[in-house]
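Dear colleague,

I am handing over to you the structure shown below. Please read the notes that follow with the sequence and the 3D view open beside them.

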Amino acid sequence: MRKMVDLNCDMGEGFGHWTYGDAPDDALMEIISSANVATGFHAGDPNSMNRLAALAKAHGVGLGAHPAYKDLQGFGRRRIDAATDELVNDILYQIGALREFGRRHDVALSHVKPHGALYMEAACNEELSRHLVETLQQTSPDLILFCMGASMTYEVAKRLSQPVVREFYSDRDYGDDGMIVFTRKPAAMDPDTIARKCLRACVDGQVETASGKVIDVAFESICVHSDTPGAVQILSAIRKILNDNDISIASARDVLALANDN
């Protein structure tokens, strides 16, 4: 049974006057322990990055970069055929942008989590995952990499000793292979159903797939996407059911430290 877990959310995914999803960033920050902040390529802009860095500092939330393919129109959910070096340089560029806003507000960057189609590409592309991890080890050896447990990203990060956190996807379906079922437009979900799904994963280490099969799942962090309708209610329900069952919410770094101690 998992007694401590990180609770993360992809956020800051508007642009200028436009917003995406119905969840206010300030309301999300009050519930989570890690924020994955859009860094301008699929969503977000300098003003939103600055605002979210300040919010993360105020709420004691881990500040993480959420870099993506350069795809504002497609919200980073369309695969782009580009050289590995180009993609990793794009990721590094986006990490650096958020890091500076974190420094402005005296909050260190805690983690990085690729977004959308780039996340899924890295999950099955060993060359991309390896180049990304090797680059992080040159520039940010202590930066935690968020990824799927059933992914090349996780295998490479463990092999090269980069700090890595596996995610459990509360608001996405699982395939029988343990990978998430990629979706471009999430549907509304019942918060209590999602909360029970998360509790089962923490207690039994299992999740039911889209086909109805039950598979084992291991993770250190639970993810909710801010563009999922009702994200605030979903996060609140998850936090309540975990607290009611003596499962604490902590930063990704604290969860990793506990796992290493055990």
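In this predicted model, the axes of helix α5 (residues 126-139) and helix α6 come within 9 Å of each other and cross at roughly 40°. Angles under 35 degrees count as roughly parallel, and α5 and α6 are therefore oblique to each other. Their crossing is right-handed. On the α5 side, the contact is made by Glu 126, Ser 129, Arg 130 and Val 133. The α6 side contributes Met 152, Thr 153, Val 156, Ala 157 and Arg 159.

The axes of helix α2 (residues 46-59) and helix α3 (residues 84-104) come within 9 Å, with a crossing angle of roughly 45°. That angle makes α2 oblique to α3. The crossing of α2 past α3 is right-handed. From α2, the residues Pro 46, Met 49, Asn 50 and Ala 53 take part, and they meet Ala 97, Leu 98, Phe 101, Gly 102 and Arg 104 in α3.

Is Thr 84 buried or exposed? Its relative accessible area is 14%, so Thr 84 is buried, the limit for that term being under 20%. When its neighbours within four places in sequence are left aside, Thr 84 is in contact with Glu 127, Leu 128 and His 131.

Strand β6 comprises residues 164-169 and is mostly covered, 6 of its 6 residues being buried. Val 164, Arg 166 and Phe 168 point one way from the strand, while Val 165, Glu 167 and Tyr 169 point the other way.

Which strands pair with β6? Strand β5 (residues 144-148) pairs with β6 in the parallel sense, over 4 bridges. Within this pairing, Met 148 stands opposite Glu 167 of β6. To pass from β5 to β6, the chain runs through helix α6 (residues 152-159), and this β-α-β crossover is right-handed. Strand β9 (residues 221-225) also runs parallel to β6, and 3 bridges join the two. Here Glu 167 stands opposite Ser 221 in β9.

With kind regards

Note on methods. Residues numbered from 1 in each chain as written. Predicted model: local features only at pLDDT ≥ 70, side-chain atom pairs only at ≥ 80, totals over all residues. Heavy atoms only, no water. Buried < 20%, exposed > 50% of the residue type's maximum accessible area, 1.4 Å probe, protein only. Pairing = 2+ DSSP bridges. Right-handed = clockwise from strand over helix to strand, strands pointing away. Axes fitted to C-alpha atoms, helices over the stretch in contact; angles between N-to-C directions. Parallel < 35°, antiparallel > 145°, perpendicular 65-115°, else oblique. Left-handed = near helix turned anticlockwise from the far one by under 90°. Contact = heavy atoms within 4.5 Å.
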